Structures are given as C-alpha cells and as structure tokens.
Amino acid sequence: MSPSFSWWTEEPHRGTPVVVKMENPNNWSMHELETTSDDDILISNNFSETKNHRNKNAKQLTWVLLLKAHKAAGCLASIASALFTISSAVRHRISSGFEIYAYVYTLMRPLGVNGVFDLFYSNWISIRVDYLAPALQFLANACVVLFIVQSVDRFVLSLGCFWIKFRNIKPVLSDGGDDLESGNGGGYFPMVLVQIPMCNEKEVYQQSIAAVCNLDWPKSNILIQVLDDSDDPTTQLLIKEEVHKWQEEGANILYRHRVIREGYKAGNLKSAMNCSYVKEYEFVAIFDADFQPSPEFLKKTVPHFKGNEELGLVQARWSFVNKDENLLTRLQHINLAFHFEVEQQVNGTFLNFFGFNGTAGVWRIKALEESGGWLERTTVEDMDIAVRAHLHGWKFIFLNDVECQCELPESYEAYRKQQHRWHSGPMHLFRLCLPDIIRSKISIWKKFNIIFLFFLLRKLILPFYSFTLFCIILPMTMFVPEATLPTWVVCYIPATMSFLNILPAPKSFPFIVPYLLFENTMSVTKFNAMISGLFQLGSAYEWVVTKKSGRSSESDLISLIEKEPVPQRGNSMPDLDEVGKETKTKVSKSTKHNRIYTKELALAFLLLTASARSLLSAQGMHFYFLLFQGVSFLLVGLDLIGEQVG
C-alpha cells in the first residue's frame with residue numbers, strides 16, 4: 001500500500017457516524033450509531049472499491065448537510081418567532097413597574113442574583129412611594145395653583161383690554177380741547193430736553209441721532225443730549241463727528257462723554273441731569289440708541305401734561321422694524337405686543353401706574369427730582385424710578401396709538417442676555433424697595449397691586465411655575481407614576497393662555513404652538529435670572545448692551561428723505577442706504593458660529609427620555625407635549641433659532 005493510501009486508511013474517526021436510508025428524495029431517514037468501531041466501516045484493499053466507498057460516503061454527507069441546514073432553518077424561524085413574541089410582551093409589560101420586576105426577576109433567577117435585585121427594587125419602590133411621590137405631588141399641586149392664579153390674572157387683563165377697545169377708551173387732554181391727531185401739538189411748546197444714552201452702538205447711532213434731530217419742535221425749546229458711554233475710541237470719534245455735523249445744520253445738540261463710567265445707564269442719565277442748564281427745561285424725553293421716533297412724537301405726547309399737574313410720565317408704545325426677520329423676532333413680537341397693548345394699556349387706564357420701559361417716554365423733570373432721581377442700585381433703573389414716582393403719588397399715561405420704532409434682538413444669545421437683565425433686575429429691586437412700599441402712604445389696594453400683582457405674580461411666580469411645572473415636574477411624573485398631572489394642566493390651560501397672548505398680534509396665529517414651546521424653553525433663563533436677582537448672586541448686577549444690527553424701516557427712510565426742515569447738508573446728511581450696506585458687509589465678513597447651551601441640552605435629554613417613557617405608558621397628550629418641548633429645548637440648546645453670533 002502506498003504511503004498516501006496508508007494515510008487514508010489510518011485516519012481516525014471523528015464525530016458521530018450516521019446511516020442514511022433513502023427510498024426517494026422525499027422519503028428518507030437518518031440513524032445515528034451509538035458506538036464507533038472499526039467494524040462499523042469496511043475498508044477494501046482494492047483501490048477501486050475504496051473509490052466507490054468514498055463516493056458513497058460523499059452522497060451521504062451531502063444529505064446529512066441538507067438535513068442539518070433544514071434543522072437550522074427551522075431553529076432560526078423558531079427563534080425569530082420567539083423574539084417577536086418576547087418583544088411584544090416587553091412592550092406591554094414595561095408600562096407597569098411590577099410587571100417589569102416580575103419579568104426581570106424570571107430572567108435573573110438562573111443567575112442567582114434575584115435576591116439582590118429584589119432588595120434593590122423593593123427599596124426603590126418604598127422610597128418612591130413614601131418620599132418622592134408625596135413631595136413631587138405637593139410641589140405639582142402648588143405650581144398648579146400658582147398657574148391658575150396667574151392665568152386668572154391674564155384673563156382679567158384680556159377682559160380689560162377688550163373693554164377698552166369696546167368703549168374706545170383713550171387718554172384725553174385735561175383741557176378737553178386740542179386734537180393731537182392733527183399733529184399741531186395744540187400750540188403747547190414747553191422746554192423739552194431729549195436724551196439719547198448709548199454705549200458702543202456704532203450700528204445705530206446715525207439713525208437715532210438723525211430721527212431725534214428731525215423732531216418737529218421749535219428749535220429754541222428743545223435741547224438734544226447725546227450721552228455716549230462708549231469705551232471704544234473709534235466709536236466715540238464717529239458719534240462726536242455725527243453730532244458736530246448736525247450742529248453745523250442748526251440742531252441744538254450736545255455731545256457728552258463720561259470719564260468715569262459708573263452705574264451703567266442710570267449713572268449716565270444721572271450725570272446728564274446734574275448739568276446746570278437742565279433747570280431751564282420742564283420735560284425730558286428719553287430714547288435708546290436703536291429707537292427712531294417719528295417727527296410728530298413730541299406733539300403727540302407732551303400736550304398731555306398741560307393742565308395735569310399730577311401726571312409724571314407719558315409712555316409710548318414700541319413698534320419693531322425687524323419683527324418678521326426670523327422665527328425668534330416673530331416670537332418676541334407676540335410677547336411684547338401683549339405686554340404693551342394689554343398689560344401697559346390696562347394698567348395705565350385703570351390704575352394710572354405701570355413700569356416705565358426705559359425709552360420712548362417723556363418725564364416731567366419735577367417728578368424725577370421728587371422721586372429721588374436716577375439711582376444706580378439696580379440694572380432696571382426705569383422700573384426703579386417708576387415705582388418710586390408711584391409711591392410719591394405721580395400718575396402715568398400710556399399711549400397705545402403713539403408708536404416709536406426700534407429693533408428686536410435677532411440672535412438667541414443677545415435675546416438671552418436681555419431677558420436675564422429684565423428678570424434679574426426686578427427681583428433685586430423688589431428686595432430694595434419692599435420696605436419703602438410698606439411704609440408708603442398709598443392705599444392698601446395700591447400696595448397689594450404693586451407687591452403681589454406687579455412684582456410677585458408677574459415677575460416671580462410666572463417664571464417659577466413655568467420652569468418648575470413644565471420642565472421638571474411633568475417629565476418626573478413619567479418616572480414617578482404615583483404623582484400625576486391632569487391633562488387640562490398640560491394642554492387646555494396653556495393653549496388658552498397662548499391664545500389670549502397672541503390676540504394682540506393676530507397675524508402671528510400660525511406661530512401659536514412654537515410660541516408656547518419657546519416661552520417654556522425661555523423659562524430656564526428667566527428662572528435663573530429671577531433666582532440670581534432675588535438672592536443677589538453674581539449675575540444680579542450684570543449689564544450687557546443688547547447687540548443691534550442697525551435696521552431701518554422703509555417708511556423712516558422715506559420720511560427722512562422727504563422732510564427738509566433745513567437746507568440739505570450735503571455730505572453731512574447720513575446716507576442711510578450706505579450705512580445699511582456697510583452693516584451688511586460687516587455681518588458678512590464676521591464669522592458666524594453656533595453656541596452650545598448646556599442647561600437647555602440637559603433639559604432636552606430629560607424631556608425626550610420622559611417622552612419615550614410616556615409613549616410606553618400610552619399617555620398620549622403627555623407624550624406629544626414632552627416630545628415637542630424636548631425638541632424645542634434641543635433646537636435652542638444647539639443655537640438653531642435666530643441668527644448666529646458673529
């Protein structure tokens with residue numbers, strides 16, 4: 001026998017021998033041999049016999065493989081069916097904590113760790129039922145009560161606005177005579193001081209100075225102060241040159257720059273009011289750097305002071321040149337439209353008191369002086385002087401039909417900083433002026449209004465319950481099912497309040513859902529600001545100038561071109577088209593990038609996880625609210641709303 005043949009015959013057996021019996025391809029059977037011995041296989045010494053035997057074994061092996069493949073296919077089908085069954089069972093069982101425990105307990109039994117899991121889960125259930133759920137439910141009930149109280153306040157304000165429109169109630173002149181719609185001012189032209197405080201706002205200084213210098217008022221009875229707090233030498237030079245150009249054209253305008261910049265805007269205004277020549281003036285009108293009053297502004301506001309010695313402030317409404325610029329500006333417009341047309345108008349009509357908006361208003365200088373003047377103790381100097389003037393008995397008038405155009409922040413970063421100041425300052429002010437309010441001689445009703453309604457309900461309770469109820473409690477109830485929130489709290493009341501808020505801006509109705517979600521998203525910033533102001537934390541006295549883009553409306557440009565109160569200034573007249581081109585060039589050259597806001601992203605993760613848990617629990621309304629709110633937080637956290645910061 002050749003060596004190769006010996007190797008074949010001496011090969012030891014491996015595996016289990018089988019015998020396959022076949023009558024036809026569809027009728028076959030297989031038998032496994034229990035033992036393995038040399039007698040089981042016959043090996044011929046003849047090469048041809050061995051070859052036939054090997055061919056026979058190859059055919060048997062083919063059928064064996066086919067049989068194994070058939071068994072494997074059947075096994076895979078069984079496994080797939082079992083997995084499908086298990087997945088269906090898991091989806092239904094996961095909605096119940098006890099069923100989860102039973103299911104996991106069954107799976108973990110063979111591993112011998114059922115005791116540890118049983119101890120852990122029983123302790124978790126005990127803690128959840130005895131401690132977490134009662135505390136969470138108590139906090140939820142408290143927030144629901146606050147939510148209802150604040151909703152009632154919004155509803156009453158809306159009814160008041162409806163009554164004003166239904167009865168066509170408007171502020172009237174004390175003498176009951178002159179028609180201000182004609183724009184003649186009733187022949188009443190007292191001495192008016194106009195102030196434009198600004199700080200490093202080179203995008204808008206030309207527009208604001210040009211608009212104020214075009215106010216239709218006798219030149220001898222008006223003085224314009226440009227109060228520049230800029231620390232950029234280039235910006236200082238540009239503003240100073242602009243003032244000089246208007247001086248050459250006969251405008252009564254002065255440029256002031258403080259050497260020591262303290263107290264932000266309040267310090268700037270206080271410094272300007274200390275000038276000796278201010279004593280010659282009876283009223284002061286204030287416009288921020290991005291505000292563009294119409295030429296008839298003073299003729300429509302100042303005459304209200306005539307014959308009304310108790311009137312200390314006339315506030316005009318804001319309008320916005322860029323309200324349709326992007327989604328962020330549209331949502332801001334909804335909020336501010338409700339603030340002016342409902343809150344300010346109703347409070348001005350029925351209470352003669354509201355918060356001064358810091359700009360687009362005219363003050364009686366005597367009211368400022370008797371109330372203590374501008375104080376540098378907070379970042380909301382406008383609200384501060386309004387509260388102190390109200391405590392001294394001065395009355396306010398809000399003119400809803402007199403508008404002054406300005407800009408809305410177009411980036412989320414700028415809007416976020418603005419809102420932080422607007423919500424931190426009031427709480428800081430509340431701490432400072434609460435003793436004065438209590439000791440004041442005003443009526444109990446006025447004290448209640450200013451303490452509870454003006455400060456607590458609209459400045460503290462609103463951001464508190466909005467953040468706590470919809471961003472913390474609602475998602476936590478998905479993981480602590482013993483605490484619950486009814487559907488009417490999650491859906492019906494928020495939808496009703498959003499509907500009321502959007503009524504003053506009817507063209508914004510398509511954005512009612514984004515508005516509701518965005519307001520809840522902004523509650524994080526407002527809540528943080530409220531806490532920092534209330535407890536005087538590090539950011540309570542932080543002032544960041546809101547970034548401007550220098551936009552002008554077409555009507556403003558046309559009015560400035562058509563109106564020629566003085567001969568054309570040639571090159572001294574600001575070319576607003578050229579300014580717009582320069583602004584766009586600067587914007588295009590600056591690198592835009594998205595910021596990351598970790599607080600918003602963390603809440604997005606919590607809300608989206610809670611929405612998944614809500615889906616498994618078949619809580620439809622909660623699921624949709626949590627899902628959309630989580631997506632809203634995600635978009636804001638990734639800075640995907642508004643313009644990006646350069």
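**Note on the predicted model: salt bridges, cores and surface**

1. Glutamate 310 has a relative accessibility of 43%, so this residue counts as partly exposed. Its partner in a salt bridge is lysine 395, with the closest N and O atoms 3.1 Å apart. Lysine 395 is likewise classed as partly exposed, at 35% relative accessibility. The pair joins distant parts of the chain, 85 residues apart: glutamate 310 sits in the loop between helix H8 (297–301) and strand S7 (311–320), whereas lysine 395 belongs to strand S9.

2. The protein chain has a mean pLDDT of 82, and 72% of its residues reach 70 or more. In residues 1–15 the pLDDT is below 50, and this stretch has 13 contacts in the model beyond near neighbours in sequence. Residues 554–589 also have a pLDDT below 50, with 32 such contacts. Where pLDDT is low, the predicted coordinates should not be read in detail.

3. The salt bridges number 18. One of them connects arginine 388 with aspartate 384, with a distance of 2.9 Å between the closest N and O atoms. Both residues are in helix H11 (residues 381–391), 4 residues apart, which is about one turn of the helix.

4. Arginine 439 is exposed, at 60% relative accessible area, while aspartate 436 is partly exposed, at 32%. Elsewhere, a network of salt bridges links Lys165, Arg317 and Glu341.

5. The largest nonpolar core has 84 residues, and those touching the most other members are Ile209, Trp363 and Phe455. Strand S9 (residues 395–406) supplies the largest share of this core, 7 residues. Another core, of 38 residues, lies apart from it and includes Ala133, Cys143, Met427 and Cys471. Setting aside neighbours within four places in sequence, isoleucine 209 contacts Ile196, Val226, Ile239, Glu242, Val243, Trp246 and Ile253.

6. In soluble globular proteins, nonpolar side chains tend to be buried together. Isoleucine 596 is in the loop between helix H17 (576–589) and helix H18 (598–616). With 52% relative accessibility, isoleucine 596 counts as exposed.

Note on methods
Residues numbered from 1 in each chain as written. Predicted model: local features only at pLDDT ≥ 70, side-chain atom pairs only at ≥ 80, totals over all residues. Heavy atoms only, no water. pLDDT = per-residue confidence, 0-100. Contact = heavy atoms within 4.5 Å. Helix = DSSP H or I, 4+ residues; strand = E, 2+ residues; numbered from the N terminus. Buried < 20%, exposed > 50% of the residue type's maximum accessible area, 1.4 Å probe, protein only. Core = buried A, V, L, I, M, F, W, Y, C linked by side-chain atoms within 4.5 Å. Salt bridge = Lys/Arg side-chain N within 4 Å of Asp/Glu carboxyl O.
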